[in-house]
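This briefing goes through one protein model, starting with a single residue and then widening to the whole chain. Keep the sequence and the structure in view while reading.

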Amino acid sequence: MHTNEQALKRGLKERHIRLMALGSTIGVGLFLGSANAIKLAGPAILVSYVLGGLAIFFIMRALGEMAVHHPVAGSFSRYAQDYLGPLPGYLTGWNYWFMWLVTCVAEITAVGVYMGVWFPDVPQWIWALAALAAMGAVNLAAVKAYGEFEFWFAMIKVVTIVLMIVGGGAMIVFGFGNHGVATGISNLWTHGGFMPNGAQGVLMALQMVMFAYLGVEMIGLTAGEADNPDKSIPDAINSVFWRIVIFYVGALFVILSLYPWNELGTQGSPFVMTFERLGIKSAAGIINFVVLTAALSSCNGGIYSTGRMLYNLAQQGQAPRAFAVTSREGIPHRAVQVSIVALLLGVLLNYLVPAKVFVWVTSIATFSAIWTWVVVLITQMTFRRRLSDAERDRLKFRMPFYPYASWFALAFLVLVTGLMAYFPDTRVALIVGPLWLVVLAVLYYAFGLGKKALVEGLP
């Protein structure tokens, strides 16, 4: 059996990984979903995004320290297996596989909705199926093809946000698109103050903010296929915090300056409103195109992630061995194919089952994300403790402010979990999520996967 390094091809260039790092953090949520978080915190939502961005930066640095030291496809699942034991590795891998499966189903469904704006007479399921077929084909071609698609998808989102920030900034300072009257930034404090709902509002918005950052840990999965992981992984991770600050905080700063926070979400997308004020009449069509590419990008990344995670689990002896095979192009094709089939079933179920069942399933995905981040931090702390002094000195990419940064990020995730327990809408995740772990653990022991992992897993 080949090892990760031989079987997978290192076809992802630095520019692919950089844009993927950014693209994975900027989803449909920024364009359409930020209104709900703004309702809770008002303009102080900016503080929530900065705090969340700081926690994500430390989580990514913890992952980066291990990924540069040992660049493999399974990333955090493999590190959990190596440093915490076979069961944590298994739970993390299957959890993450399921998380992306659910996310992909939601994104493919969204593609159907966005295409329905232009083609109202075509059934949604046709677009969902077309999106899955297209992104599946990209993922089965070569890792370079996946990287190229992801690069351009991310570029579309980035260019849109930059234009919005520049155009909105011109309105704020010069009155561009507002008959020459500078709007200024007084909207940030004139409607009940900067923090209209107090510190409680900032805290309450944190759980929504953190879910906007889902997928950023995908950079770790690219380590096994990065052309030059020693350089590209640190560069991508170091840029994450600043890009989050510029793109999320920058875009929301402009939006909250231009429009009263308590009116956002009542008149459609603020991106559409801003572009229309700048004289772009087809703004609604442009933003629909952007969210369409954002959904396709998320689906593309999801198929990539599920395929790599299943491949890694098979190598660890925790999934059927058949999934540990790669094609001539270095693609774990069987693992990718089975993920695509599972997505087909997911799309079908999404149309058949009641909405409540789907809420339960997405709750597992929510829980899986928090679980993954917690495991990354605990694994990194265990990894660091096991290194000799000489090995520690040789680390190429270190976690800053260790161990304080690791404890800060862990405490932050505990706070977010507590907030999830507080809200009835998200409380279901803390019931269904642990139950899902119990089901996985029962299967683990029923099939004797722990013994298999020790016998068949890679050294």
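Tyr213 counts as buried because its relative accessibility is 0%, and the cut-off for buried is under 20%. The model in which this residue sits is a predicted one.

**Tyr213 and its surroundings**

- Tyr213 belongs to the loop that links helix H9 (198–212) to helix H10 (218–221).
- What does Tyr213 touch, once neighbours within four places in sequence are left aside? Its contacts are Tyr49, Gly52, Gly53, Ile56, Ile244, Tyr248 and Trp373.
- Between Tyr213 and Glu391 the separation is 178 residues in sequence and 32 Å in space, taken from C-alpha to C-alpha.

**The whole protein**

- The protein contains 19 helices and 0 strands.
- Its radius of gyration is 22 Å, close to the 23 Å that the globule rule gives for 459 residues, so the protein is as compact as a globular protein of that length.
- The C-alpha trace spans about 70 × 55 × 40 Å along the principal axes.
- Buried residues make up 57% of the 459 in the protein.
- Counting contacts between residues at least 6 apart in sequence, 82% join residues at least 24 apart.
- The accessible surface is about 18,200 Å², and carbon and sulfur atoms account for 70% of that area.

**Helices H8 and H11**

- Helix H8 (residues 143–174) and helix H11 (residues 229–258) have axes that come within 9 Å and cross at roughly 35°.
- The crossing of H8 with H11 is left-handed.
- On the H8 side, the residues in contact include Val158, Ile161, Met164 and Gly168. On the H11 side, they include Ile246, Phe247, Gly250 and Val254.
- How many residues of this contact between H8 and H11 are nonpolar, polar and charged? The contact has 13 nonpolar residues, 4 polar ones and no charged ones.

**The loop between H16 and H17**

- Pro403 lies in the loop between helix H16 (389–394) and helix H17 (404–422).
- The peptide bond joining Tyr402 and Pro403 is cis, with omega at about 0°.
- Phe401 is also placed in the loop between H16 and H17. Although Phe401 is not a glycine, its phi is positive, at about 55°.
- Is Phe401 buried or exposed? Phe401 counts as exposed because its relative accessibility is 60%, and the cut-off for exposed is over 50%.

Technical notes: Residues are numbered from 1 along each chain as its sequence is written. This is a predicted model: local features need pLDDT of at least 70, side-chain atom pairs count only at pLDDT 80 or more; totals for chains, interfaces and linings use all residues. Side-chain values use heavy atoms; hydrogens and water are left out. Axes are lines fitted to C-alpha atoms, for helices over the stretch in contact, and angles run from 0 to 180 degrees between N-to-C directions. Helices (H or I, at least four residues) and strands (E, at least two) are DSSP runs, numbered from the N terminus. A crossing is left-handed if the near helix is turned anticlockwise from the far one by less than a right angle, and right-handed if clockwise. Contact means heavy atoms within 4.5 Å. Ala, Val, Leu, Ile, Met, Phe, Trp, Tyr, Cys and Pro count as nonpolar, Asp, Glu, Lys and Arg as charged, and the others, Gly among them, as polar. Buried means under 20% relative accessible area, exposed over 50%, partly exposed in between (1.4 Å probe, protein chains only). The radius of gyration is taken over C-alpha atoms; the globule rule is 2.2 Å times the number of residues to the power 0.38. Accessible areas come from the Shrake-Rupley method with a 1.4 Å probe; for residues, only the protein chains shown count as cover.
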